[in-house]
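Please read these notes with the chain open beside you.

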Amino acid sequence: MHNLGQTRSSNRRDHLLLTPDTFIRTPLPGLTGGLAIVHVAPQAGAAFTMSTIELDSGGTLSEGPTQRLIYVLEGRLVLGEPSQKKPHKLSTGSYVYLPTEYPHTLIALTKSRIVVIDKPFLPLESEPNPPFLIGNEKDLPSTPLNGDKDLQVRALLPASLAFDFACNTMTYAPGAALSQVEIHYMEHGLLMLEGGGIYRLGDSWYPTTAGDFIWMAPYCPQWFGAIGKKTAKYLIYKDFNRHTLA
């Protein structure tokens, strides 16, 4: 039956909610054997791009125009670069930070899905440029947010001024919620990975579930509470470690 134009997706001045029924897949330069879902980009007012890329077995993704973070949602892949004899193996939960102009090719060994975050790098004279970094989320320490053991944070990038953005996973026990409505100068890109709940964005309240994407503009009022019997988890980006006039 036709949905008669109904969707949970919403595009407001200070936030964007995209649900899978509204995703549009598109080719990109450097992407073969796959398609990209560009969730948010500068055309929407964001200072970064966040995409989900779906790769067939044998599909490839090569170096992009900026620094890049890759997070593997599912599948098995290898990451190589010209000077490297043995490529890095990646699987669900693996992540890679790639500095600007770092030559690389990502190859899918199986049908795979990855999150790709691209952002123009803002260097600091006092800090060296950040290096190539690889790891797996499950190997990272988990820290309670503001001492709340029911809300756990894993930071994919080191706590260093060399990095001009942060990317974390946040896991909520059933019924857990942020302790305050947050309003701040940083923008966010968020992909729901597991479970669901209620997100306040601006003056609106949205049911959210795994697969949904949210963009929050600077100073957008925001709050989340997990609802249901399952753990809720999301991957979240924010610009970080730089003066607002940089």
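**Notes on the predicted model**

1. Start with one pair of residues. Leu69 has Tyr97 of β8 as its bridge partner. Keep in mind that this is a predicted model. The two strands here are β5 and β8, which run antiparallel and are joined by 4 bridges.

2. Now look at the other pairing of β5 described here. Strand β10 (residues 112-119) pairs with β5 over 7 bridges, again in the antiparallel sense. How many residues of strand β5 are buried? The count is 7 of 8, so strand β5 (residues 67-74) is mostly covered, given that buried means under 20% relative accessible area.

3. Strands of a sheet pair through backbone hydrogen bonds, and the pairing is either parallel or antiparallel. In a regular strand, side chains alternate between the two faces of the sheet.

4. Next, trace the open sheet of 8 strands. Its order is β1-β2-β18-β15-β20-β14-β13-β12, and its pairing is antiparallel. At the edges stand β1 (10-11) and β12 (143-145), each pairing on one side only. Inside that order, β15 and strand β18 (residues 213-216) run antiparallel and are joined by 4 bridges. Leu190 has its bridge partner in β18, namely Ile214.

5. There is also an open sheet of 3 strands. The order is β17-β16-β19, with antiparallel pairing. Why is one side of β17 (204-209) and of β19 (222-226) left without a neighbour in the sheet? Both stand at the edges, and each has a single partner strand, so one side of each has no neighbour in the sheet. From one strand to the next, the twist averages 20°. Strand β16 (residues 196-201) pairs with β19 in the antiparallel sense over 5 bridges. Within this pairing, Arg200 has Trp223 of β19 as its bridge partner.

6. Turn to the aromatic rings. The count of aromatic pairs comes to 11. Take Phe165 and Tyr237: their ring centres are 5.5 Å apart and their planes are at 35°, so the pair is tilted. Phe165 lies in strand β14 and Tyr237 in strand β20 (residues 232-239), so this pair ties together parts that are 72 residues apart in sequence. Are Phe165 and Tyr237 buried or exposed? Both are buried. They also belong to one aromatic cluster, formed by Phe48, Tyr97, Phe163, Phe165 and Tyr237.

7. The charged end of Lys238 sits over the ring of Phe240, 4.4 Å from the ring's centre.

8. Loops matter for the reading too. His104 is in the loop between β8 (94-98) and β9 (105-108). With a relative accessible area of 6%, His104 is buried. A polar atom of the His104 side chain lies 2.7 Å from the backbone oxygen of Tyr102.

9. Finish with Ala176. This residue is found in the loop between β14 (165-172) and β15 (188-194). Its relative accessible area is 6%, so Ala176 counts as buried. Which residues does Ala176 contact, leaving aside its neighbours within four places in sequence? They are Asp150, Gly225 and Ala226. The C-alpha atoms of Ala176 and Asp148 are separated by 8.9 Å, and the two residues are 28 residues apart along the chain.

Terms used. Residues numbered from 1 in each chain as written. Predicted model: local features only at pLDDT ≥ 70, side-chain atom pairs only at ≥ 80, totals over all residues. Heavy atoms only, no water. Buried < 20%, exposed > 50% of the residue type's maximum accessible area, 1.4 Å probe, protein only. Contact = heavy atoms within 4.5 Å. Polar contact = N/O pair within 3.5 Å; in protein donor to acceptor, adjacent residues only side chain to side chain. Phe/Tyr/Trp six-rings, centres within 6.5 Å; stacked < 30°, edge-to-face > 60°. Lys NZ or Arg CZ within 6 Å of the ring centre and 35° of its normal. Pairing = 2+ DSSP bridges. Axes fitted to C-alpha atoms, helices over the stretch in contact; angles between N-to-C directions.
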